[in-house]
Structure formats: structure tokens, C-alpha cells
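Please go through this model with me. I want to know what each label rests on.

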2 protein chains.
Amino acid sequence: MSEGFEAALAAAREGLAQGGIPIGAALVRGGEVIAVGHNERVQSGDPIAHGEMAALRAAGRQRTYRDTVLYTTLAPCAMCTGTVIQFKIPRVVVGEARTFGGELELLRSRGVEVEVLDDERCAEMMADFQREHPELWAEDIAE
Amino acid sequence: MSEGFEAALAAAREGLAQGGIPIGAALVRGGEVIAVGHNERVQSGDPIAHGEMAALRAAGRQRTYRDTVLYTTLAPCAMCTGTVIQFKIPRVVVGEARTFGGELELLRSRGVEVEVLDDERCAEMMADFQREHPELWAEDIAE
């Protein structure tokens with residue numbers, strides 16, 4: 001398994017340990033993890049801090065993202081998908097899309113390469129979280 | 001002119017006065033401005049802090065956005081468009097779409113009502129900024 005994916009999963013678990021929503025992401029360039037992040041809705045009351053967004057914020061200003069890969073434990077929502085499109089990140093590796101389908105077709109329609117790992121650890125972690133905290137999960141996806 | 005739009009424009013001007021990219025936004029509920037924000041790429045080195053995103057962050061956690069309107073001085077990029085879609089904000093009022101076309105068609109295709117004011121003050125402010133700081137503008141839209 002890649003270092004980027006393992007970093008995203010570790011970030012998700014860290015978020016869970018903090019009482020947060022367990023979704024993590026990592027931005028990778030040239031095989032090196034340059035930033036990680038996890039959902040921070042609970043921890044900092046920030047509704048835009050999904051895992052992917054938190055990783056991109058942590059990466060700071062970048063001249064380009066065309067040479068990067070974004071790893072995330074869960075299929076990106078419309079916000080994170082729009083961000084990948086806007087930042088011109090060419091490739092997204094998704095832990096799982098079972099517990100939330102995300103906007104994979106929109107990503108692909110804009111030329112982003114999407115790989116879904118269908119990782120059991122990610123799917124089990126999210127399914128447990130959604131069952132235990134349905135109100136928090138609904139809030140995070142604005143349902 | 002609405003209070004929401006004037007608040008977005010004031011936020012953009014405040015960002016400009018700080019040496020930042022002059023794009024502002026305001027989130028309104030029931031005619032009342034509940035949060036404002038402006039682009040913070042320069043001020044805080046945060047690439048996800050477009051004006052719309054900064055306003056949504058400032059608003060904090062909300063139970064719903066279905067009763068809100070988002071005002072922004074410039075047509076929303078793909079990131080901010082995806083966020084409007086994800087948060088289910090039903091209506092976006094845009095200062096101008098002359099200096100940047102944004103993703104207005106994607107917004108409309110997802111059922112978001114979009115009004116473009118074509119405001120001269122917004123268009124002049126952005127045209128001046130793009131001419132004076134082409135490298136910063138290119139970075140902000142990842143070109």
C-alpha cells in the first residue's frame with residue numbers, strides 16, 4: 001500500500017481519536033507526502049475543513065498541483081471535488097466509496113484520474129462512525 | 001443594492017487594503033448578514049480561503065444552508081461552486097463574471113439559482129488587480 005494512502009488513513013484515525021469525523025487525506029508529490037489533514041468540523045467548528053481541504057490548507061501556497069496526487073480515505077464530496085478540479089490535481093486515490101458515493105463522475109468528467117481502493121479498513125471505520133453518530137454525519141454532508 | 005452584496009464588496013475592499021486578492025463574500029439568512037469573508041491567500045497563506053470559503057468558515061457550523069443566500073463579488077470558481085452545491089445553498093448572487101467566468105453553468109445545472117449583478121465597482125476592482133498582480137491572480141486560480 002502506498003505511503004500517501006497510509007498517511008491519509010493515519011490522519012483519519014487521528015481525527016477519530018480526537019472525537020472528530022474520521023476522514024483523512026494526504027497530498028503527495030514525487031512519492032513524498034507533503035501535507036496531511038483530517039476533517040476538523042468537531043475539533044475546530046470549521047465546516048469547510050473536510051479531510052482533503054485540511055490537507056490542502058496544510059500544504060500552503062503551491063505554484064502548481066499538476067505534479068501531485070491527492071489520497072483520501074472517502075470519496076470526495078462536491079466541495080472537495082470542485083477543489084480538485086480548481087487546483088488541477090490530476091489524480092485522486094480514494095480509500096472507499098461504499099459509505100458515501102461522492103462526486104467521482106464529476107471528477108472523471110473533468111479529466112481527473114480516479115482510483116478507488118475499496119479498502120476494508122476505511123469502509124469499516126466510516127460505517128461504524130455513521131451508525132454511531134448519524135446527526136454529525138448528516139451535518140457534515142449537509143443532509 | 002442589498003445589504004448582503006454591500007457586505008461582500010466591503011470585505012473585498014478590506015482584503016485589498018491588506019494587500020490581498022480583492023474578492024469578498026457574505027452569507028445571508030432572512031435578510032441578515034450572518035458572516036463575511038474575503039480571500040486570504042496572501043494574508044494567511046491559505047490556498048482554500050477564497051472569499052466564499054472564508055465567509056462559510058466564519059459562519060461556523062450551521063444546521064442547514066437551505067434558507068441562506070451567498071453573495072460574492074466574483075463568479076465562483078470550481079472549489080466555491082462545489083461547496084455551494086455540497087452545502088445546498090439555494091441561491092448565489094454574483095457581483096460580476098466579466099473578469100472571471102467561474103462555474104455558473106455547473107451551479108445552475110445542480111439547481112442553484114444564480115443572479116449576476118454585473119456591478120461596475122466589482123469589475124473595475126478585479127480588472128485593476130489582475131493587471132497589477134498577474135502572477136498572484138494566476139496562482140489563485142491555479143493557472
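Q: How many salt bridges does a search of the whole structure find, over all chains?
A: The search finds 30. Each is a side-chain nitrogen of Lys or Arg within 4 Å of a carboxyl oxygen of Asp or Glu. This is a predicted model: local features need pLDDT of at least 70, side-chain atom pairs count only at pLDDT 80 or more, and totals for chains, interfaces and linings use all residues. Side-chain values use heavy atoms, without hydrogens and water; residues are numbered from 1 along each chain as its sequence is written, with chains lettered from A and ligands numbered from 1 in the order in which they are written.

Q: Why is the pair B:R57 and A:D46 called a salt bridge?
A: The closest N and O atoms are 3.5 Å apart. The cut-off is 4 Å, so the pair qualifies. The pair crosses between chains. B:R57 sits in helix 3 (residues 51-59) of chain B, and A:D46 in the loop between helix 2 and helix 3 of chain A. Helices here are DSSP runs (H or I, at least four residues) and strands are E runs of at least two, numbered from the N terminus. Between chain A and chain B the count is 6 salt bridges.

Q: What makes a residue part of the contact, and how many does each chain give?
A: Contact means heavy atoms within 4.5 Å. Chain A gives 32 residues and chain B gives 32 residues. The area buried between them is about 2,700 Å². That is the accessible area (1.4 Å probe) lost when the two parts are put together, summed over both. Carbon and sulfur atoms give 56% of the buried area. A:I48, A:R61 and A:Q86 supply 25% of the area that chain A buries against chain B, more than any other three residues.

Q: Why is the aromatic pair of A:Y65 and A:F87 called tilted?
A: Rings of Phe, Tyr and Trp (its six-membered ring) pair if their centres lie within 6.5 Å. Planes under 30 degrees apart count as stacked, over 60 as edge-to-face and the rest as tilted. Here the values are 4.9 Å centre to centre and 40° between the planes, so this pair is tilted. A:Y65 lies in the loop between helix 3 and strand 3 (68-74) of chain A and A:F87 in helix 4 of chain A, so the pair ties together parts that are 22 residues apart in sequence.
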